[in-house]
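These are my notes from a first reading of the structure. I began with one chain as a whole, then turned to the contact between chains, and ended with a single residue.

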Amino acid sequence: MQLTVERLSKSYGRAVRALSNVDFTLGPGVLGLLGPNGAGKSTLMRILATITRPSAGKVLWNGSDIAHGPDALREVLGYLPQDFGVYPNLNAVEFLEYLAAVKGIAAAPARKRIGELLEIVNLTDVAKRPLGGYSGGMRQRVGIAQALLNDPQLLIVDEPTAGLDPEERVRFRNLLSELSGERIVILSTHIVSDIEAVATSIAILARGQLLAHGSPESLLASVAGKVWEIIVASVDLPALRQKYLISSTAHRSDGVHVRIVAEVAPAGGARQLEPSLEDAYLAALSRQRGSSDGPAKGGITTTASETTAA
Amino acid sequence: MRTLRAVLAIARADFLERVRRYSFLLTLLFAIFLGYSAATGRIALQFGEYRGVYTSAWIGALVALVSTCFVSLVGFYIVKSAINRDWQTRVGQVLAATPLSKVSYALGKFLSNFAVLGSMVGILAIAAILMQVFAGEDRHFDGAALLAPFFFVALPAMALTAAVAILFETLPLLRGGLGNVAWFFVWSIGGLGLSEISGVHWLDPLGVRTFADSMMVDARANIPGYKGDFALTVADKPVKIVQSFHWQGISWTATDILQRLAWTGVAVLLVLLAALVFDRFDSSRSLMPALRRSKIPVTMSGEVAIVGANHAANVARTTANLTAVPASTRTNAFGRLFLAELRLALKGLRWWWYAVAAGLLVAQFAAPFEVSRRPVLGTAWMWCVLVWSAMGARESRFGTQAVLFSSARVLPRQLPACWLAGVAIAAVLGAGAGARLLFTLGWHGFAPWLAGAIFLPSLALALGVWSGSGKPFEGLLTALWYVGPLNHSPGIDFTGAANGVHTIHYVLVYFVLTGVLVVVAVVGRGRQMRFG
């Protein structure tokens, strides 16, 4: 089971280049796709889900180009788009039965699977209520159930935890972890903690380019020894923001505790900290901005390839 | 001043949003097509077999009437989305949380509607000027006579259309497909026929009577044996030009002008009424629960608080009992998908829909044969309009394209299942007349029924796929039903009853059209699947 993306590009007209020469190969496991808004994550997901064709490059599913025979991938694909709708007059069971018929799943296993999925996404009690009366989080859970309907080998989920309450969110993370053993899961989000919990590999996308792709450990290693904490007065914070890449701030009685990502220790009694994925993510974005807009803050100037060998 | 700025800002934003859509280009192309049709004589003002010389006044009246009759009919469907768009995009929720008043909002949307329709009238006015130059029947150019009909007749009619569209959008019962059907009758009875029905000359919102009365005076003087015929018509044969018939236009008096502009006042009153009933994007305020807006596609966005990883331990494992679905359980079973599409089409209809459908079915068996095969069958199929109009458009309307189109073999399975579900509905609702035709007239009688039963769902599917909306089909079927089964127009009557000796000829035409429409639908869906 292998998904290969080769020099993938997508342009909308002449002005907008949503993806630019993206390359990676995936085996079973969870790929966490991180990136800011407008990075190209959803475009990449839509191409992988055979909804949109790339402008250049190709996607190979077990060696076959999906542009030439998308049905081979669609047979084993589960897709939860970022924006999706439901038919408001159908209830959850009817909606899933409809999609099971569309996906060509035989009646008996479909019924069994639907019952199990509704239990997993905690909708059994409301399964017979019309979807039009569901809350946003409940509809999102219907979306998760439909993505798992055909027991997919490739599961693509775009911002799946948006709208879920904290408990459902943890439940979904666990579900993804458990499912990942024998399939490829691609999880797109800009919430780093979601990725931290489940991803076996991480890709960072920004402005249509793949900045980094590797294990969480390799990403963390890229900022090892570069994360610092200093304590400053509130009035000094704006100046510090100008100079350094600040990962977080916390106001305490002794001043503002500032978490900084920088090549060298900032002046003023800086204390070195264990890096987090959020630090690594921000550093990768900062490096890209530095390479396109001039020198990056705090001396984060290493290139993506230097820090993120997979 | 602040209110005026708010109204203009709403109108400007809505207008810009529309003109930057591809569909606006089609709207303008439609206006150009109408202008071209008028300029080339395909649409004409006729007095029996005759018409007058194309003077500035004549051309102004002709093209202004083309605007009021055709642009108002079709334009309603084009502009009736201003408020719904704010529901769909959720901009409405943002606006509802501002101090913006309902009146300002409704007036802003009305002005945007009016601007869209007005731009179509503008194109037609330019076409009118060009028409006089190129027709060359009367070299004297009278700008006032040519343009007055646009200012005094066409634009007030557009204001009225724009206002009715806003009113319909605010009324729960009329904001959907029912309103699209109802508009045809409002337009034909209230717009075209009001002055005739009431006998009051000035109750003439579309201006047809106003021009007819003035032109008929000249027609009597210039056309020998003139019997009082007047028609704005799609000319199917050459019209004879009466060279002495030089109509110089209406001598607009202050009263005339006030009567015409009063329709703009009526439009504003309708907008104020709309503001009164507007729910300000709070669907819970709808008086009828079943009509509350529940069909808005869901966009999953926004975030919730981040939960620490330690909470994960509190949530039980979830997938232990999840049954695998191996590839061997995949099936091409078309029957289940057909039944699923049928359920999708019929689910959500109220009990009274089924009651009326059952009544129409019984009437087909019980009524006299000619009544059964003509008005009852036509009405039974017309009753399906809101069921069929969702075909092909449902996916974009409810935002399920991404989920559906990423499934395997959708094009060869789902679309045919949807089409067959539509045909099955036509067959069941028309079963009474169909059975009687078969047993009374044999294959000869049954063939036109079959042609109609497969043609209508095919038309719905093709229009739905390409437009992503039910509106074109709802408007078109209503017009076809009125012109065909109700007024017995050969060829247009989709029940086949009015076709007489040409029945088989029209059956073949309908079969070919059905084939073309199905191909058009398949091509459209294939295109959507390729390009998203």
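The model I read is predicted.

Entry one, chain B. I found that buried residues make up 46% of the 532 residues in chain B. I listed 22 helices and 4 strands in chain B. Its C-alpha atoms fill a box of roughly 90 × 70 × 40 Å along the principal axes.

Entry two, the contact between the chains. I recorded 63 residues from chain A and 51 residues from chain B. On the side of chain A that touches chain B, the elements giving two or more residues include strand S6 (77-80), helix H3 (92-102) and helix H6 (166-179). H6(A) gives the largest share, 10 residues. By class, I noted 27 nonpolar, 15 polar and 21 charged residues on this side of chain A.

I located Tyr87(A) in the loop between S6 and H3 of chain A. Tyr87(A) counts as buried because it has 22 C-beta neighbours inside 10 Å. Not counting residues up to four places away in sequence, Tyr87(A) touches Phe95(A) and Leu131(A), and also Leu344(B) and Phe398(B). I noted that Tyr87(A) and Leu131(A) are 44 residues apart in sequence, with their C-alpha atoms 6.8 Å apart in space.

Notes: Residues are numbered from 1 along each chain as its sequence is written. Chains are lettered from A and ligands numbered from 1 in the order in which they are written. This is a predicted model: local features need pLDDT of at least 70, side-chain atom pairs count only at pLDDT 80 or more; totals for chains, interfaces and linings use all residues. A residue is buried if 20 or more other C-beta atoms lie within 10 Å of its own, exposed if 12 or fewer, and partly exposed in between; C-beta atoms are placed from the backbone. Two residues are in contact if their C-beta atoms, placed from the backbone, lie within 7 Å. Ala, Val, Leu, Ile, Met, Phe, Trp, Tyr, Cys and Pro count as nonpolar, Asp, Glu, Lys and Arg as charged, and the others, Gly among them, as polar.
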